[in-house]
Amino acid sequence: MRESASGTVLSSSTTLDPCQLDDQFAFSSNYTLGYTSGGQSFKNGACVNSIANGGNFVFRPNPSGNPQIVLRGKGNFIGTADSVANKTYDVLEATDTRLRLRGTNPDGTRTVLTLAPYDATAPFKQLLTGNSSRTWKLDNTVDAPIVVGTELNPTEYFGGVKAGELPACQSDDEYTFSTANVMSYDAKGETFFADKKNYSCQPGLTGTTPFVFGPASGAGLAQFRLTRPGAFIAATDASPTEQVYRILTIDDKKMTLRAGSGQNGGTVFTIKLVVK
């Protein structure tokens with residue numbers, strides 16, 4: 001947000017360019033500023049090659065007003081690379097969930113920035129949900145769409161089937177993930193029951209479950225845990241007690257999950273999915 005010297009709002013924005021949205025600013029206890037651009041920086045209204053940024057800063061308490069952060073390095077910045085006079089930012093608000101800063105520009109206007117703690121798993125949840133909701137299916141076009149084993153040997157117990165050989169009542173299943181942390185399972189009429197006694201198509205187990213998303217425990221980019229007892233993905237016997245699914249790889253089209261934590265030599269299912 002840009003405001004006049006008196007505080008009148010001149011312009012504001014609720015959306016950021018992706019090359020600015022992925023910027024990370026790390027403040028350390030030894031008074032250094034770290035900067036990760038994600039490949040590009042945002043300057044003068046456009047994406048440019050990553051700009052050098054970082055160095056030392058001073059935290060200046062102010063008993064009679066807002067405390068301040070003063071950057072010491074030449075050309076350094078927080079939030080936007082547009083010039084802030086004397087590289088000085090007033091701290092308007094600092095909580096566990098938000099940091100609001102205000103810098104005065106050379107022309108006398110002021111820029112107000114709002115930053116939030118960085119969540120390293122956020123990009124993977126965005127891919128999982130499509131930033132709204134996204135539906136996934138087992139990838140029956142590749143070999144070994146589901147394999148079973150241990151963390152050290154993922155195919156130890158079952159090496160998977162050839163492309164196109166999944167049972168129809170399993171390959172047509174749809175799993176939809178939403179940003180509201182709900183996974184919806186559509187069995188399309190039947191569910192493939194995979195257990196030691198019976199491997200067959202049975203009446204469908206269509207339903208929904210909340211899930212908890214966060215960092216992966218062990219190998220993986222992130223993980224989610226299905227919270228409704230009996231909920232599953234791909235195989236009814238995949239991680240029936242833990243109900244933990246780690247995201248090993250993910251992009252806009254494909255995802256590889258590993259069901260189960262794999263701790264203490266436990267059984268894991270490695271599952272390949274594709275966007276519907």
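Two disulfides, each a pair of cysteine sulfur atoms within 2.5 Å, are present in the structure, and with bonded cysteines counted along the chain they follow the pattern 1-2, 3-4. The model is a predicted one, in which local features need pLDDT of at least 70 and side-chain atom pairs count only at pLDDT 80 or more, whereas totals for chains, interfaces and linings use all residues. Residues are numbered from 1 along each chain as its sequence is written, and side-chain values use heavy atoms, with hydrogens and water left out.

One of the disulfides joins Cys19 to Cys47 with an S to S distance of 2.1 Å, and its torsion of -95 degrees about the S-S bond makes the link left-handed. The pair connects distant parts of the chain, with Cys19 in helix H1 and Cys47 in strand S6 (residues 46-49), 28 residues apart; helices (H or I, at least four residues) and strands (E, at least two) are DSSP runs, numbered from the N terminus. Cys19 is buried at a relative accessible area of 6%, while Cys47, at 30%, counts as partly exposed, where buried means under 20% relative accessible area, exposed over 50%, and partly exposed in between, for a 1.4 Å probe and protein chains only.

The other disulfide is formed by Cys169 and Cys201, whose sulfur atoms lie 2.1 Å apart, and it is left-handed because the torsion about the S-S bond is about -85 degrees. Cys169 belongs to helix H3 (residues 168-171) and Cys201 to strand S17 (residues 199-203), so this pair ties together parts that are 32 residues apart in sequence. Here Cys169 is buried, with a relative accessible area of 4%, and Cys201 is partly exposed at 33%.

The interior can be described through its nonpolar cores, a core being a set of buried Ala, Val, Leu, Ile, Met, Phe, Trp, Tyr and Cys residues joined through side-chain atoms within 4.5 Å. The largest nonpolar core has 32 residues, of which Phe177, Phe224, Ile233, Tyr245, Leu257 and Ile271 touch the most other members. Leaving aside residues up to four places away in sequence, Ile271 touches Leu138, Pro145, Ile146, Ile233, Ala234, Tyr245, Met255, Thr256, Leu257 and Ala259, contact meaning heavy atoms within 4.5 Å.

Pockets complete the description. On a 1 Å grid over the protein atoms alone, a pocket is an open set of points where a 1.4 Å probe fits, with protein on both sides within 12 Å along at least five of seven lines, and lining residues have an atom within 4 Å of a point. Helix H1 (18-21), strand S3 (24-27), strand S10 (99-104), strand S11 (110-115) and helix H2 (122-129) each contribute at least two lining residues, with the largest share, five residues, coming from S11.

The second largest pocket has a volume of about 500 Å³, and of the 27 residues that line this pocket, Val148, Ala194, Ala235, Asp237 and Phe269 are the closest to its centre. Strand S13 (146-149) and strand S16 (190-194) each supply at least two residues of this lining.

How values were computed: Points joined across faces, edges and corners; volume = space filled by probe spheres on them.
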